[in-house]
Amino acid sequence: MNLHALKLFYETAVRGGVTRAAEALHISQPAVTAQIRNLEQELSLQLLTSQGRGVQLTEAGELLFGYAAKLFALEKEMDARLNEYRTGKLGTLSIAATYLPANFVLPSLMAAFKQQNEHVDLTLTTANSQSVFSKLLHYEADIAVIGGSKEAPAGIEREELMEDELWFIVPSGHRLANTTVELKEIVREPFILREQGSSTREKLFALCSLHNIEPPKVGLQFNGLGETIRAVSSGYGAILVSAMEVGEHVRHGTVARVHVEGVQLTNPIALYSRANEELSPAAQHFGSFVKQRMPFVPLT
């Protein structure tokens, strides 16, 4: 069946006449009439009869019109959905993130994005930076948001979003609480460290290496930040941690900051994607959404 002719028949029936259909479609009246006659010949059925200045559907025309209405409604829905997908308002998006952005940045952004884009399905996986990079490279995530890393492995592009600081933290009653000390003094304390692959762990050891200082003794090791902070607030050890993650605990006095002379570590949060590969429309849309609401402003 000639779908163009079917469309002209449908528009003629909807508008009640060939002239009005031709005007609406910006084609000539004879062209509309010829196409409908060709359709009638193709089907061996009369579809329209003249009625005054308009037309009336025959019984066969009524039957065909019902199916045509469903077909063109489906076409309209298809166009709308494809446009939603094209503009990033429809689709799926898998995000991998490290603890800092996964807990302190992304939840509110994802909720706000979802409110405006209900047809995008979002998932978030939390892991350390090495695991997040692996997920991105192995197509287990569409994009990644990582706190603490300044470099990206080969095959990954990086775009910085914002940054906070890294603070040395001890129990609130510790002798070094709220004091300023040299690096060699704070690293004499037993440290509570995150697992291998954690960016803060790597930064602490790199800092010691830079200053030719023995790295601290590993007192405890945890995979989660919450456990790490609770251990310090219970009275044991020191940690190097994001200001964003620990700020509320410092304000409440459950832990205390130690200022270290000549050391000011920043903790960037960046958006990562696979290099030389176009993001899906949903990923592009979410990335733009995040960048509009999270400008590069150091949180000092």
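A crossing of two helices is called left-handed if the near helix is turned anticlockwise from the far one by less than a right angle, and right-handed if clockwise. Helices (H or I, at least four residues) and strands (E, at least two) are DSSP runs, numbered from the N terminus. The model is a predicted one, in which local features need pLDDT of at least 70 and side-chain atom pairs count only at pLDDT 80 or more, while totals for chains, interfaces and linings use all residues. Residues are numbered from 1 along each chain as its sequence is written, and side-chain values use heavy atoms, with hydrogens and water left out.

In these terms, helix 2 passes helix 3 in a right-handed crossing. Axes are lines fitted to C-alpha atoms, for helices over the stretch in contact, and angles run from 0 to 180 degrees between N-to-C directions. Angles under 35 degrees count as roughly parallel, over 145 as roughly antiparallel, 65 to 115 as roughly perpendicular and the rest as oblique. On the side of helix 2, V18, T19 and A22 take part, and they meet Q29, V32 and T33 of helix 3; contact means heavy atoms within 4.5 Å. This contact of helix 2 with helix 3 comprises three nonpolar, three polar and no charged residues. For this classification, Ala, Val, Leu, Ile, Met, Phe, Trp, Tyr, Cys and Pro count as nonpolar, Asp, Glu, Lys and Arg as charged, and the others, Gly among them, as polar.

The loop between helix 2 and helix 3 holds H26. The phi of H26 is near 60 degrees, a positive value in a residue other than glycine. Most residues other than glycine have a negative phi. H26 counts as exposed, at 72% relative accessibility; buried means under 20% relative accessible area, exposed over 50%, and partly exposed in between (1.4 Å probe, protein chains only). A positive phi, near 55 degrees, is also found at N212, which lies in the loop between helix 9 (199–210) and strand 9 (218–222). N212 is exposed, with a relative accessible area of 74%.

An unreviewed UniProt entry places the feature "domain: HTH lysR-type" at residues 1–58; such annotations may be inferred rather than shown by experiment. The span is 62% helix and 14% strand, and its end C-alpha atoms lie 19 Å apart. T58 is located in the loop between strand 2 (54–57) and helix 4 (59–86). With 15% relative accessibility, T58 counts as buried. Beyond its neighbours within four places in sequence, T58 is in contact with Q46, L47, L48 and T49.

A further helix pair is formed by helix 6 (residues 106–116) and helix 12 (residues 281–293), which pack at an angle of about 120 degrees with their axes 11 Å apart. That angle makes helix 6 oblique to helix 12. Helix 6 passes helix 12 in a right-handed crossing. Helix 6 contributes L106, L109, M110, A112, F113 and Q116 to the contact, and helix 12 contributes A282, H285, F286, F289, V290 and R293. By class, these residues divide into nine nonpolar, two polar and one charged.

Strand 4 (residues 119–126) includes H119, which is partly exposed at a relative accessible area of 34%. Leaving aside neighbours within four places in sequence, H119 is in contact with E84, K89, L90 and G91.
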